[in-house]
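Reader: I'm new to reading protein models. Could you walk me through this one?

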Amino acid sequence: MGTSLDKRLTVAAYALFLGLIFLAPLVLDGFGLNRLAKYLVFGMLGIAVAMCWGYAGILNLGQGLFFGLGAYMLAMSLKMASPTSLQHGGANPVPDFMLSNAEPGATVDLCCINQGSFLWLPFQSQGFGIFMGVVLPVLVAFVLGGVLFRKRIAGVFVSIVTLALVLLVRLLLVDAQPLTNGFNGLSDLAWLRVGAHEFDPYGTSTYYLVALTLAFVLIGARVLLATRAGVILRATSGDPQRARYLGFDVAHYQTFFFALSAAIAAVAGMLYVVVAEFASPTFMDLSFSITMVVWAAVGGRGSLLGACIGAILINILEATASETQSLVEAWRVIVGLTFVLVVLYLPKGIGGWAHDLIARFDHRTRARAAGGRS
């Protein structure tokens, strides 16, 4: 009975959340939809962290690596389609920042304007950018996960390795100024085009693209974790040694879900580029990756929906506090205090608190029913 009530209320919570985000265009203008779309992207990151940390037991402090790789892959394609990439007068597009970084006398063409500029050639196709935006982060995650988990590296050591890797890639991006525009990142991007339709970042179609993707990720992750693979994953997280003794390939499951989490983060990165119209090395800052962990902790790392809602609520709180004149200087303190209070009084996050509340309510209901029968 308790399980049935929990399931019904979980379905109701998912339905209510998805209903609210799909009805948002009825009450918000273009600016409001664009802002909410960014928050929904962050909600996807909350889901990615919850899957990796809450269910697989892998605290990844480098989730920004996969978000950033996905963002840069699509941004490179959109940069190639931008009018600014054709202003040099040549037949083929060349990113504008490469012109200012070109060596004297260099041919104004991607083949040889800068060292390594030929790597941009395939990105003239947006399909290639989307493909690489998913494949590259997943490939990196599979290789990294295979090495870490096959060698049974766990706990804080995984966090240190992922943290070091994201900082290394960020450093490479910044240092490769002629190829990536360094600290400035990629801006002046074209709109994403699918067939004859262009996705205006402030348009309803772009918002629904993000909302539908979030819904697919949220429901898909929930269904997957309810399968046998998800059950085994939770078992490996709780007691990996016992799972190995029972014959399960712990490294295989950990690597799979680690890569799946990376794929979700990569898709979120691509959608953020579509909505925000830029890609930046700040996506791979240490502070951003740690912030994702905070979102999941506040929402509840053991709950996909809780982590998603936690990410959205914290970003709404940050935006509201930072735009309130009386709180301009204190908004970071407010957000930090919120996190501290949640950790102290709601250690399982909002999702865990809601689940415990339902369990207590159900226990009391059954106790009253039993008392009435006696």
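**Salt bridges and a helix face**

Author: Let's start with Asp285, which is buried, its relative accessible area being 18%; buried means under 20%, exposed over 50% and partly exposed in between (1.4 Å probe, protein chains only). The model is predicted, so local features need pLDDT of at least 70, side-chain atom pairs count only at pLDDT 80 or more, and totals for chains, interfaces and linings use all residues. Residues are numbered from 1 along each chain as its sequence is written, and side-chain values use heavy atoms, with hydrogens and water left out.

Reader: Which side chain meets Asp285 in a salt bridge?

Author: A salt bridge is a side-chain nitrogen of Lys or Arg within 4 Å of a carboxyl oxygen of Asp or Glu. Here the N to O distance is 2.4 Å. The partner sits in helix α6 (residues 156-175), 115 residues apart from Asp285; helices are DSSP runs (H or I, at least four residues), numbered from the N terminus. The partner is Arg170.

Reader: Is Lys79 buried or exposed?

Author: Lys79 pairs with Asp96 in a salt bridge, with the closest N and O atoms 2.9 Å apart. Asp96 counts as partly exposed, at 28% relative accessibility. For Lys79 the relative accessible area is 3%, so Lys79 is buried.

Reader: Within what arc do the buried residues of α9 fall?

Author: Those residues of α9 (residues 228-238) are Gly230, Ile232, Leu233 and Thr236. They line one face of the helix, because, going by directions from the helix axis to the C-beta atoms, they fall within an arc of 160°.

Technical notes:
Helices (H or I, at least four residues) and strands (E, at least two) are DSSP runs, numbered from the N terminus.
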